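Please keep the model open while going through the points.

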Amino acid sequence: MAKSQPSVWVDPVYSSVITLLIIVMACVELCDAVTVVDVYRLVQYDLAGVPFGSRLAALNHHAGSSLFSSSAAAGAAADLSRTVLILPVRELNLTFIKDSAGISDHDSAKDIIKEDLRELEQLLIHANIPYPVYFGFEDDRVNAVLADVKKNDATGQLATATTGGYKLVVSAPEPRKIASPTITNIQGWLPGLKADGDSNQLPTIAVVASYDTFGAAPALSVGSDSNGSGVVALLELARLFSILYSSPKTRGRYNLLFVLTSGGPYNYNGTHKVLIPSKDLFIFVYTCAVGLCRDFDSVLSCYSGRSLDQRLRETIDYSICLNSIGSVSNELWIHVSKPPDNIYIKQIFEVAWEHEQFSRLRVTAATLSELSVAPDFLESTGGLSDSRYFVDEASISRSVKLVAESLARHIYGLEGKNIDIFADDSSLSVNPSYIRSWLQFLSTTPRVAPFLSKNDPLIMALKKELADHTVEVNVQHEVLDGMFTFYDSTSGRLHVYQVASVTFDLILLMGLGSYLVTLFSFLVITTRRERETYTNGQQLLQFPPGKAGNETQPAISRFYHDWCAFNTAR
């Protein structure tokens, strides 16, 4: 009889605990993220105080798959203040996006994803979007979520707090302004060979390429072609001519200046900083004028980390700027320009090509590019569509050889002679492996200047590479000029949750409440008799304090317990 007592009192308690544990585990499962993916936010910037790009970063709404609301009138747009749209690029309706952004249709829709991306990017970076916009890569998990969202949308039941579905969450603080963004220029020198007794400075040939990018998503703006191809070509040219200049017998009578500039998308601000002296240079010129400067070359070498002196600029014979030379097409264009004569027009002269910064100072310069016309503002600056897949290594190699042969013929006076200096399979041949490795590195490295620190690994890598192939390397840090203001928070983690509807929550709550009420009632009813018996026994078997009572209390206690066991067994 005594062994049956635990089953009466313990089993209901254990069963309730197990049931509650299962319910809690189910609730935890409902709150776990279905998947977590890396996402990259649309750029946020101000231009002359006018806001552009995505103005918010935090995200916490249910998912949808269509720009149009199925529950509203035909053709009505989805409510983006309550819904997060998951839109594959191949399924985008660019005409609708243009209308939503208030931009007129100036071009027909493209069938190629690259062209769609390029057009979409231009629409987004020139629009003020009061919502968070993120980019991500497709994979099996994202496609599975998107398929479920499309299935729910097809039934006309969009995901809401009432119907349930998927919820997309990005926890991010409010974007903050980037204070005093810097741009960094890197200069590498290969000095020419002076003749004995020649006191004149040697002429200089400058090879220039802008290495930074700009795009709709700063964390994805790798710019494989624009201008990763130009940077790779410059580094390979520096490597080839470092071999020629390593011996006095083959060193030319030209200085070679290799310059990697920043601020390219912003009117080539870095090139401007290299050429135009700042306030500190006027102090340097003044000290030389009053006789405090004895050795111009030594002082210039100390100052060269900032900008080029006027005398050095005057020694530049010409400058070659490399921009987007990695296309699969075999066409290359040489762009030259003449600066305006009117000084007031020159002050507002907008720079479409990098060589125009040299032309403004009447330095002969040209840009070598696959582009036949100058790109529009913030276009072809290494955005979403400019990936490694669309760059041809062979085109870069051909362009490098073309520029190297042209420079060598001019330096060594070999114009018109049928001599192949950088012949294939020679010690001076273009190295495809070198080009491939650097192109791969740049194609995986975002390079938007305002988000690069002074000691960014990319800048350190470029500086080290130029140092390996030139005699002297100088790094110039400057504050980005212009009317741009940039904001941080360029990437995040997207948590995708599968949530139940409010109806399900109510049913679950009612079921849990009913279970607890039933369990409580069952325990009260089944234990009422025992509790009454126990209470009556305590009232009958009370003894007054005293010796007699203390002596008889053990015997009475045994009698009471036996009597309770008898009633329980009955």
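1. Where does UniProt place the feature "transmembrane region"? The record, an unreviewed entry, puts this feature at residues 506-525; UniProt positions follow the numbering used here, feature names are shortened, and annotations may be inferred rather than shown by experiment. In the model, the span 506-525 is 100% helix and 0% strand, and its end C-alpha atoms lie 28 Å apart.

2. On the basis of this note: the model is predicted, so that local features need pLDDT of at least 70 and side-chain atom pairs count only at pLDDT 80 or more, while totals for chains, interfaces and linings use all residues. Residues are numbered from 1 along each chain as its sequence is written, and side-chain values use heavy atoms, with hydrogens and water left out.

3. An open sheet of mixed pairing is formed by seven strands in the order 13-14-12-10-11-9-15. Helices (H or I, at least four residues) and strands (E, at least two) are DSSP runs numbered from the N terminus, and two strands pair if DSSP finds at least two bridges between them. Strand 13 (333-335) and strand 15 (472-479) each have a single partner strand, so one side of each is left without a neighbour in the sheet. On average, neighbouring strands of this sheet are turned by 20 degrees against each other, direction ignored. Axes are lines fitted to C-alpha atoms, for helices over the stretch in contact, and angles run from 0 to 180 degrees between N-to-C directions.

4. Within this sheet, strand 12 (residues 316-323) pairs with strand 14 (residues 365-369) in the parallel sense over five bridges. Ser319 stands opposite Ala365 in strand 14.

5. Which strands does helix 12 lie across? Helix 12 (residues 393-411) lies across strand 10 (204-210), strand 11 (255-261), strand 12 and strand 14, and runs at about 175 degrees to strand 12. Helix 14 (residues 457-469) also packs on the sheet, touching strand 9 (182-190), strand 11 and strand 15; contact means heavy atoms within 4.5 Å. The direction of helix 14 makes about 10 degrees with that of strand 9.

6. The axes of helix 5 (residues 228-244) and helix 14 come within 8 Å and cross at roughly 25 degrees. Helix 5 is therefore roughly parallel to helix 14; angles under 35 degrees count as roughly parallel, over 145 as roughly antiparallel, 65 to 115 as roughly perpendicular and the rest as oblique. Among the residues of helix 5 that meet helix 14 are Val231 and Leu234.

7. Helix 12 and helix 13 (residues 432-442) have axes that come within 10 Å and cross at roughly 120 degrees. The two helices, helix 12 and helix 13, are therefore oblique to each other. Glu393, Ile396 and Ser397 of helix 12 make the contact with Ile435, Arg436 and Leu439 of helix 13.

8. A second open sheet, also of mixed pairing, has four strands in the order 6-3-2-16. Strand 2 (residues 44-47) and strand 3 (residues 50-54) pair in the antiparallel sense over four bridges, and Pro51 in strand 3 is the bridge partner of Asp46.

9. Two backbone details deserve attention. Most residues other than glycine have a negative phi, and most peptide bonds are trans. Ala48, in the loop between strand 2 and strand 3, has a positive phi of about 55 degrees although it is not a glycine. A cis peptide bond, with omega about 5 degrees, joins Ser226 and Asn227; Asn227 is in the loop between strand 10 and helix 5.
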